[in-house]
Amino acid sequence: MKKTLRLNNAQSRSAACGYINNAPEGYVVTIGEPNRTLDQNAAQWPILQAFADQIEWPINGAFQKITPDDWKDILTCAFRNEQPRVAMGLTGGMVLLGQRTSKFSKREFSEWMEFLWATAADRGVTVYQDAA
């Protein structure tokens, strides 16, 4: 049995308590902020695409266009104050372990979007009108 409840009112809180009181031994309860929405997720991609279309970035010492996914890795690391997690690769190289925006709360994702818009403005990136 898996239940997800949004604690919006007394009735939903009561239901949550009922599920907890009737849960078998060993079950786990997690309470936290809701994760970002699908609409929030969709809103980041036009901005990341604008970075990919308009800016070359140094990769292995040469400036080149990179994908929106690559920009997401770079910008998410910057959003986290460039405190990356770096692992050794299987053959001796280095691998940057990415941040997962899917794990962001709605509030944190809103901050991420503000960061994206501000960084785009700072870098002279024009975001297409349908991104708003």
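Two strands are taken to pair if DSSP finds at least two bridges between them, and the elements named here are DSSP runs numbered from the N terminus, with helices being H or I runs of at least four residues and strands being E runs of at least two. This is a predicted model, in which local features need pLDDT of at least 70 and side-chain atom pairs count only at pLDDT 80 or more, while totals for chains, interfaces and linings use all residues. Residues are numbered from 1 along each chain as its sequence is written, and side-chain values use heavy atoms, with hydrogens and water left out.

**The hairpin**

Strands S1 (residues 56–59) and S2 (residues 62–65) run antiparallel and are joined by four bridges. Ile-59 stands opposite Ala-62 in S2, and in this hairpin, which has two residues between the strands, Asn-60 takes a positive phi near 50 degrees.

**Helices H3 and H4**

The axes of helix H3 (residues 68–79) and helix H4 (residues 106–122) come within 11 Å and cross at roughly 110 degrees, where axes are lines fitted to C-alpha atoms, for helices over the stretch in contact, and angles run from 0 to 180 degrees between N-to-C directions. H3 is therefore roughly perpendicular to H4, a term that covers angles of 65 to 115 degrees. By class, their contact has six nonpolar, two polar and three charged residues; on the H3 side, Lys-72, Leu-75, Thr-76, Ala-78 and Phe-79 take part, and they meet H4 residues including Trp-112 and Phe-115. Contact here means heavy atoms within 4.5 Å.

**Aromatic residues**

The structure holds eight aromatic pairs, a pair being rings of Phe, Tyr and Trp (its six-membered ring) whose centres lie within 6.5 Å. One of them, Phe-79 with Phe-104, is tilted, at 5.8 Å centre to centre and 45 degrees between the planes, where planes under 30 degrees apart count as stacked, over 60 as edge-to-face and the rest as tilted. Because Phe-79 lies in helix H3 and Phe-104 in the loop between strand S4 (94–97) and H4, the pair ties together parts that are 25 residues apart in sequence. Both residues also belong to one aromatic cluster with Phe-109, Trp-112 and Phe-115. Their burial is tabulated below, buried meaning under 20% relative accessible area (1.4 Å probe, protein chains only).

| Residue | Relative accessible area |
|---|---|
| Phe-79 | 16%, buried |
| Phe-104 | 1%, buried |

**Arg-6**

Arg-6 lies in the segment before helix H1 (10–22). Leaving aside neighbours within four places in sequence, Arg-6 is in contact with Ser-12, Pro-34 and Lys-106.

Key:
Parallel < 35°, antiparallel > 145°, perpendicular 65-115°, else oblique. Nonpolar A, V, L, I, M, F, W, Y, C, P; charged D, E, K, R; others polar. Buried < 20%, exposed > 50% of the residue type's maximum accessible area, 1.4 Å probe, protein only.
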